[in-house]
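Welcome! Have a look at the structure below, then try the exercises before you read the solutions.

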Amino acid sequence: MAQTSSGSNRKVFYILGLFNILMLLQNVNCCEYKIGGSGDWSVPLDDNANNYNQWANRSRFQIGDTLSFNYPADKDSVLLVNKEDFDNCNTASPIEKYCDGHSVVKLNHSGTFYFISGAHDNCTKNQKLHVVVMADRSNKTAASPPSPSADDVPPSLAPSGEEAPSPPTGSVEINPTPAPCKNGASSIVMSFVGSTTAFIGSSIILGF
């Protein structure tokens with residue numbers, strides 16, 4: 001009986017180890033993009049040119065990729081907003097707010113994501129970015145309904161490890177209070193560390 005129980009435990013931890021390997025491979029396949037090419041989140045030198053959008057148009061973003069924003073945390077922030085607030089540089093009611101100085105934001109679904117500077121004057125000087133994430137063509141999402149028009153529905157996004165809210169189907173609901181700051185970098189790191197730790201733990205147990 002003891003040998004049978006030991007054999008069953010080995011199979012369980014073996015399966016767990018394979019699962020964690022797949023998770024690690026998924027993280028490896030995703031790309032981290034430094035916005036603008038350098039990662040610097042600041043007012044463009046030419047106020048009349050939108051350098052960030054020009055950079056984004058040359059890139060092909062996939063679900064699971066991340067955007068890296070670097071900026072002085074005491075002077076600026078990154079706001080995820082809907083299209084109307086993007087066009088009008090409305091910083092009052094963001095969907096998400098990042099203000100840790102080094103924000104790594106995960107693109108967790110297809111569609112358009114709109115980002116603006118948390119400093120209104122900076123946004124009016126074209127410190128803003130919108131990126132289009134390609135649809136997932138894998139079989140596991142074949143039964144999912146098609147993505148709504150990017151102009152009609154704002155995206156929902158959360159750092160890795162957190163569940164994103166479902167996109168609204170009607171009019172956009174404005175947050176009654178400002179969104180709290182998110183620390184995108186730490187959540188992504190913790191997710192990766194958790195997968196790595198679980199894999200190492202499984203490997204150690206399998207060795208006994």
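This is a predicted model, so keep that in mind as you work.

**Exercise 1.** Find the residue that stands opposite Tyr 33, and describe how the two strands there pair.

*Solution.* Start at Tyr 33 and look across: Leu 67 in S2 stands opposite. Next, take the strands themselves. S1 and strand S2 (residues 66-70) run in the parallel sense and are joined over three bridges.

**Exercise 2.** Work out the order of the strands in the open sheet, and name the edge strands.

*Solution.* First, the order: three strands make up this open sheet, arranged S1-S2-S5, with mixed pairing. Then look for strands that pair on one side only: these are strand S1 (32-34) and strand S5 (102-106), the edge strands. Finally, from one strand to the next, the twist averages 25°.

**Exercise 3.** Which cysteines form a disulfide, and which parts does the pair tie together?

*Solution.* Step one: a search of the whole structure turns up one disulfide. Step two: the partners are Cys 89 and Cys 123, with sulfur atoms 2.1 Å apart, which is within the 2.5 Å cut-off for a disulfide. Step three: Cys 89 sits in the loop between helix H3 (83-88) and strand S4 (96-98), while Cys 123 belongs to helix H4 (residues 120-124), so the link ties together parts 34 residues apart in sequence. Step four: the angle about the S-S bond is -80°, making the link of Cys 89 and Cys 123 left-handed.

**Exercise 4.** Are Cys 89 and Cys 123 buried or exposed?

*Solution.* Buried means under 20% relative accessible area. Cys 89 has 5%, so Cys 89 counts as buried. Cys 123 has 1%, so Cys 123 is buried too.

Technical notes
Residues numbered from 1 in each chain as written. Predicted model: local features only at pLDDT ≥ 70, side-chain atom pairs only at ≥ 80, totals over all residues. Heavy atoms only, no water. Helix = DSSP H or I, 4+ residues; strand = E, 2+ residues; numbered from the N terminus. Buried < 20%, exposed > 50% of the residue type's maximum accessible area, 1.4 Å probe, protein only. Pairing = 2+ DSSP bridges. Axes fitted to C-alpha atoms, helices over the stretch in contact; angles between N-to-C directions.
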